[in-house]
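User: Hi! I am new to protein structures and would like to learn how to read one. Could you walk me through it, feature by feature?

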Amino acid sequence: MSFGFPGTKEEIAKAIDEVRISRKGKIIFLASAGNFGPYQDDTFPASHPAVIAFRATTSLGKFLETNPTNENAVVFGTFGDDIPQRLREYRSQVCQPGTSAATAIAGGIAAMILSYVTVLPMLVIWEDKVGLLSMSWTTEGMQKLFHRMSDDMGNRKRFLNPIKFFSDRPTDLARYCAIYDCLQGK
């Protein structure tokens, strides 16, 4: 969700809760944290407990000054700046730097992770007898995976960097073990 409001919007909160119940928790919501700087809290729905909020970073993981500050929790950021000029010219209203762009990128990363986790047991010929990999389809599971696939940038900020995660584990078996351990809480 690349939109945000100050304060809670009950209709949206109710919709999020209803979808989570109907999907038995097997859904992941991402939302942009806002672009109004460090003196404003996360916007809603990013502040909803079932939503993973995203902040914008440069391509090197530097968090933008327009991100809200959240000193009480670990926060995630990903590419929301350094958008190629030709894309900004082509879709000038859509391709603006900020948390909306970062949230869209994070959604793509989440989709890639879910696709990979779905086929991974077949690639390594390993049966997930306890169904732990299905936890990746939940907010809690995806937060754990994002945490494992991110770099610590200091001050409770984590730069989502799946390229490093995958290149540091060159085989499907190594990735399977890392993902499994992550979801187990190790």
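User: How many salt bridges does the structure hold?

Analyst: Keep in mind that this is a predicted model. To find a salt bridge, look for a side-chain nitrogen of Lys or Arg within 4 Å of a carboxyl oxygen of Asp or Glu. The structure holds five of them. One is formed by E140 and K144, whose closest N and O atoms are 3.8 Å apart.

User: Where do E140 and K144 lie?

Analyst: Both are in helix α4, four residues apart, and that is about one turn of the helix. E140 is partly exposed because its relative accessibility is 47%, and K144 is partly exposed too, at 25%.

User: Which parts of the chain does the pair of D151 and K164 link?

Analyst: The side chains of D151 and K164 meet in a salt bridge with 3.5 Å from N to O. This pair links distant parts of the chain, with D151 in strand β4 and K164 in helix α5, 13 residues apart. K164 has a relative accessible area of 40%, so this residue is partly exposed.

User: And R175, is it buried or exposed?

Analyst: The cut-off to remember is that buried means under 20% relative accessible area. R175 has 15%, so R175 is buried. The side chain of R175 meets that of D172 in a salt bridge, again 3.5 Å from N to O. Because they are three residues apart in helix α6, about one helical turn separates them. D172 is partly exposed, at 26%.

User: Let's turn to strands. How do β2 and β3 run?

Analyst: They run parallel, and four bridges join them. As an example, A56 has T78 in β3 as its bridge partner. On to another pairing: β3 is also joined to strand β5 (residues 157-160) by three bridges, and these strands run parallel as well. There, V75 stands opposite K157 in β5.

User: Why is β3 described as largely enclosed by the rest of the structure?

Analyst: Count the buried residues: in β3 (residues 75-79), four of the five are buried, so the strand is largely enclosed.

User: What about the nonpolar core? Which residues touch the most other members?

Analyst: Think of a core as buried nonpolar residues joined through their side chains. The largest one here has 30 residues, and I52, F54, I113, M142, F146 and I179 touch the most other members. Elements giving two or more residues to this core include β2 (51-57), α3 (99-124) and α4 (139-148). The largest share, nine residues, comes from α3. To see one member up close, pick I52: among its contacts are F29, F76, M142 and F146. A second, separate core has nine residues, including I16, F29, A33 and V51.

User: Last topic: how many aromatic pairs does a search of the whole structure find?

Analyst: Nine. For each pair, read the distance between ring centres and the angle between planes. F3 and F5 have centres 5.8 Å apart and planes at 55°, so that pair is tilted. F79 and F159, by contrast, are edge-to-face, with 5.4 Å centre to centre and 85° between the planes. F79 lies in strand β3 and F159 in strand β5, 80 residues apart. F159 is buried, with a relative accessible area of 4%, whereas F79 is partly exposed, at 26%.

User: Which residues do ring pairs link into a cluster?

Analyst: F54, F76 and F146. You have met F54 and F146 already, among the core residues that touch the most other members.

Key: Residues are numbered from 1 along each chain as its sequence is written. This is a predicted model: local features need pLDDT of at least 70, side-chain atom pairs count only at pLDDT 80 or more; totals for chains, interfaces and linings use all residues. Side-chain values use heavy atoms; hydrogens and water are left out. A nonpolar core is a set of buried Ala, Val, Leu, Ile, Met, Phe, Trp, Tyr and Cys residues joined through side-chain atoms within 4.5 Å. Buried means under 20% relative accessible area, exposed over 50%, partly exposed in between (1.4 Å probe, protein chains only). Contact means heavy atoms within 4.5 Å. Two strands pair if DSSP finds at least two bridges between them. Rings of Phe, Tyr and Trp (its six-membered ring) pair if their centres lie within 6.5 Å; planes under 30 degrees apart count as stacked, over 60 as edge-to-face and the rest as tilted. Lists of a residue's contacts leave out its neighbours within four places in sequence.
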